[in-house]
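My notes follow in the order I took them.

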Amino acid sequence: MQDRIEIRDIPERRLFGLPHRGPYRLISEAYGRLFDVMERANLMPRAGSMIALYYDPPGTVAEADQRSLAAYEMDRKTEVPDGLEEVILPAGPAAVIAHHGSYDGLPAAYDVLFQEWLPQSGREPAGHPYELYHNTPEEVAADRLVTDIHLPLKP
């Protein structure tokens with residue numbers, strides 16, 4: 001289930017993450033490795049939201065070549081530990097659609113955003129889409145998951 005799309009002014013986000021190459025649905029493997037690195041560096045208590053950044057729109061490259069980043073939001077004071085990448089998502093407007101339910105429903109939310117809303121919105125993307133997870137399958141049942149899909153927009 002999706003809520004309506006809202007335009008929000010998003011603050012700058014600093015991410016610590018690990019790249020993932022391959023089908024987006026397998027990004028959880030990168031999250032497993034990321035959690036281990038963050039845990040060893042004692043960063044999990046300071047980690048903010050879990051975010052997945054997607055570089056290649058589905059259908060533009062083979063699934064095996066899809067590039068993404070499994071990440072956690074971090075404060076400005078924390079040094080990047082060895083083995084992780086820092087990515088800064090700039091502040092600015094973004095189209096945000098909230099998806100409630102299983103991750104299996106996320107492709108439909110992307111279809112609404114990219115195939116229905118974007119062409120008629122008069123807006124242009126300014127960056128790569130990303131998902132911000134309000135909870136995880138380890139915390140709640142699949143039907144109670146909440147994921148915000150963000151599409152950065154040109155002002």
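**Entry 1: Arg14**

I began with the side chain of Arg14, which reaches the backbone oxygen of Thr78 at 2.7 Å. That is a polar contact: a pair of N or O atoms within 3.5 Å, where within protein one must be able to donate a hydrogen and the other to accept it, and residues adjacent in sequence count only if both atoms are side-chain atoms. The Arg14 side chain also reaches the backbone oxygen of Arg76, at 3.5 Å.

A note on the source: this is a predicted model, in which local features need pLDDT of at least 70 and side-chain atom pairs count only at pLDDT 80 or more, while totals for chains, interfaces and linings use all residues. Residues are numbered from 1 along each chain as its sequence is written, and side-chain values use heavy atoms, with hydrogens and water left out.

I placed Arg14 in strand S2. Helices (H or I, at least four residues) and strands (E, at least two) are DSSP runs, numbered from the N terminus. Is Arg14 buried or exposed? Arg14 is buried, with a relative accessible area of 8%. The cut-offs are under 20% for buried and over 50% for exposed, with partly exposed in between (1.4 Å probe, protein chains only).

I then listed contacts, meaning heavy atoms within 4.5 Å. Leaving aside neighbours within four places in sequence, Arg14 touches residues including Tyr72, Glu73, Asp75, Val80, Glu86 and Ile88.

**Entry 2: Asn135**

I looked next at Asn135, in the loop between strand S7 (130-133) and strand S8 (146-152). Asn135 is buried, at a relative accessible area of 13%. Which backbone atom does the side chain of Asn135 reach at 3.2 Å? I found the backbone oxygen of Arg144. A polar atom of the Asn135 side chain also lies 3.0 Å from the backbone nitrogen of Val146. Beyond four places in sequence, Asn135 is in contact with Tyr103, Val140, Arg144, Leu145 and Val146.

**Entry 3: strand S7**

I followed the chain back into S7. Tyr130 and Leu132 point one way from the strand, Glu131 and Tyr133 point the other way, and all are buried. In a regular strand the side chains alternate between the two faces of the sheet.

I checked the pairing, which takes at least two DSSP bridges between two strands. S3 and S7 run antiparallel and are joined by 4 bridges. Ile51 has Leu132 as its bridge partner in S7. S7 and S8 are also antiparallel, with 4 bridges. There, Tyr133 is partnered by Thr147 of S8.

**Entry 4: the cores**

I defined a nonpolar core as a set of buried Ala, Val, Leu, Ile, Met, Phe, Trp, Tyr and Cys residues joined through side-chain atoms within 4.5 Å. The largest has 31 residues, and Tyr31, Leu34, Met38 and Leu113 have the most contacts inside it. Among the elements that give two or more residues to this core are helix H1 (28-40), strand S4 (67-73) and helix H2 (106-121). H2 gives the most, with 6 residues.

The buried residues of H2 are Leu106, Ala109, Tyr110, Leu113, Trp117 and Leu118. Gly122 follows H2 and has a positive phi, near 80°.

Beyond four places in sequence, Met38 is in contact with Phe16, Leu43, Met44, Ala47, Tyr72, Met74 and Leu84. A second, separate core of 12 residues includes Ile10, Leu69, Ala71 and Val96.

**Entry 5: aromatic pairs**

I paired rings of Phe, Tyr and Trp (its six-membered ring) with centres within 6.5 Å; planes under 30 degrees apart count as stacked, over 60 as edge-to-face and the rest as tilted. The count comes to 5 aromatic pairs.

For Tyr24 and Tyr54, the ring centres are 4.6 Å apart and the planes are at 65°, so the pair is edge-to-face. Tyr24 sits in the loop between S2 and H1 and Tyr54 in strand S3, 30 residues apart. Both Tyr24 and Tyr54 are buried.

Tyr31 and Tyr133 have ring centres 6.5 Å apart and planes at 90°, so this pair is edge-to-face. Tyr31 is in helix H1 and Tyr133 in strand S7, 102 residues apart. Both Tyr31 and Tyr133 are buried. I also noted one aromatic cluster, formed by Tyr31, Tyr72, Tyr103 and Tyr133.

**Entry 6: Asn42**

Asn42 is not a glycine, yet has a positive phi of about 55°. Asn42 is exposed, with a relative accessible area of 54%.
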